[in-house]
Amino acid sequence: MRLLLISNSGRPYLRHCRAELLDFLGSARRVGFVTAASLGDERAYYETAREALGPEIALEHFRWDGDPLSGLARVDAVLVGGGNTYALLERLRQSALLDAIRERVREGLPYVGVSAGSNVAGPSILTTNDWNGVGLTAFAALDLVPFNVNPHYLETDPVMAPGSETRDMRIAEYHVVRANPVVGIEEGTVVRVEVGLATMRGAGRVKLFRRGPAPAWVPSGATLPG
């Protein structure tokens, strides 16, 4: 399987990771864009992505409330955009895209996830930063990688009050009840998964959380320990 997991799209949209994304796609030029994480204007979100990727990519809009399964059969790659992770997972199930994307990616279709799109690549979405405004009750996701993702990771935030709960504390609580690793991805950073290896790319770092061992930083250019 081949995946590119991006922490954030940035401003202008995808500017910081566009070269990495195009390199990852290689000869794949017809890409299906899933906008289901957006709680706003999905068409405008698609147009923003289409303009950002440029004429090199033929971007096809996969609306979850349309007929996305027919499009999935004809694209060379899939890009799942950011927004609300709970809404994204709920809509992927409703549209039958969850199982269909999982099957196609396991067969070799390249997968690009941004923020919420990265969250759903793991076993579950329980380490998202989003609020469950849609009342989702089932959290199992695509399970394409063995680790959960925590995008927009910050070890500390200078605006937090002294004694505030940190992201590390929340992930430690997750590991009280669940054993799979969690990968905290700093902004401007991507995780590129190929041939079973997850390599860190971009301007930031990744922090690996495992039940038991102390969290460990993985710098850009290094691979995630097995």
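So, salt bridges: there are 18 of them in this structure, where a salt bridge is a side-chain nitrogen of Lys or Arg within 4 Å of a carboxyl oxygen of Asp or Glu. Before I go on, this is a predicted model, so local features need pLDDT of at least 70, side-chain atom pairs count only at pLDDT 80 or more, and totals for chains, interfaces and linings use all residues. Residues are numbered from 1 along each chain as its sequence is written, and side-chain values use heavy atoms, with hydrogens and water left out.

Take Glu 194 and Arg 2: their salt bridge has its closest N and O atoms 2.9 Å apart. It links distant parts of the chain, with Glu 194 in strand β8 and Arg 2 in the segment before β1, 192 residues apart. Helices (H or I, at least four residues) and strands (E, at least two) are DSSP runs here, numbered from the N terminus. Buried or exposed, what are these two? Glu 194 is partly exposed at 25% relative accessible area, and Arg 2 is partly exposed at 24%. For the cut-offs, buried is under 20% relative accessible area, exposed is over 50%, and partly exposed is in between, with a 1.4 Å probe and protein chains only.

That pair belongs to a network of salt bridges linking Arg 2, Glu 20, Asp 23, Arg 192, Glu 194 and Arg 201. Arg 2 also lies over the face of Phe 24, at 4.3 Å from the ring centre. A charge sits over a ring if NZ of Lys or CZ of Arg is within 6 Å of the ring centre and within 35 degrees of the ring normal.

Now a local one. Asp 99 and Arg 102 form a salt bridge with the closest N and O atoms 2.7 Å apart. They are three residues apart in helix α5, so about one helical turn separates them. Asp 99 is exposed, at 52% relative accessibility, while Arg 102 is buried at 16%. There's also Glu 107 with Arg 104, where the closest N and O atoms are 4.0 Å apart. Glu 107 counts as exposed at 58%, and Arg 104 as partly exposed at 23%.

On to the aromatics. How many aromatic pairs does a search of the whole structure find? Five. Rings of Phe, Tyr and Trp (its six-membered ring) pair if their centres lie within 6.5 Å, and planes under 30 degrees apart count as stacked, over 60 as edge-to-face and the rest as tilted. Tyr 153 and Phe 209 have ring centres 5.8 Å apart and planes at 65°, so that pair is edge-to-face. Tyr 153 is in the loop between β6 and α7 and Phe 209 in strand β10, so the pair ties together parts 56 residues apart in sequence. Both Tyr 153 and Phe 209 are buried.

Tyr 153 also makes an edge-to-face pair with Trp 217, at 5.9 Å centre to centre and 65° between the planes. Trp 217 sits in strand β11, 64 residues from Tyr 153. Tyr 153 is buried at 1% relative accessible area, but Trp 217 is partly exposed at 27%. And Arg 205 lies over the face of Trp 217, at 3.5 Å from the ring centre. Elsewhere, Tyr 13, Phe 33 and Tyr 45 form one aromatic cluster.

Next, the nonpolar cores. A nonpolar core is a set of buried Ala, Val, Leu, Ile, Met, Phe, Trp, Tyr and Cys residues joined through side-chain atoms within 4.5 Å. The largest one has 43 residues, and those with the most contacts inside it include Leu 5, Ile 101 and Leu 224. Which helix gives the largest share of this core? It's α5, with five residues. A second, separate core has 24 residues, among them Ile 6, Tyr 13, Leu 59 and Ala 77.

Last, two threonines. Thr 85, in helix α4, is buried at 0% relative accessibility. Its side chain makes a polar contact with the side chain of Asn 119, at 3.2 Å. A polar contact is a pair of N or O atoms within 3.5 Å; within protein, one must be able to donate a hydrogen and the other to accept it, and residues adjacent in sequence count only if both atoms are side-chain atoms. Thr 127, in the loop between α6 and β6, is buried too, at 7%. A polar atom of the Thr 127 side chain lies 2.9 Å from the backbone oxygen of Val 149.
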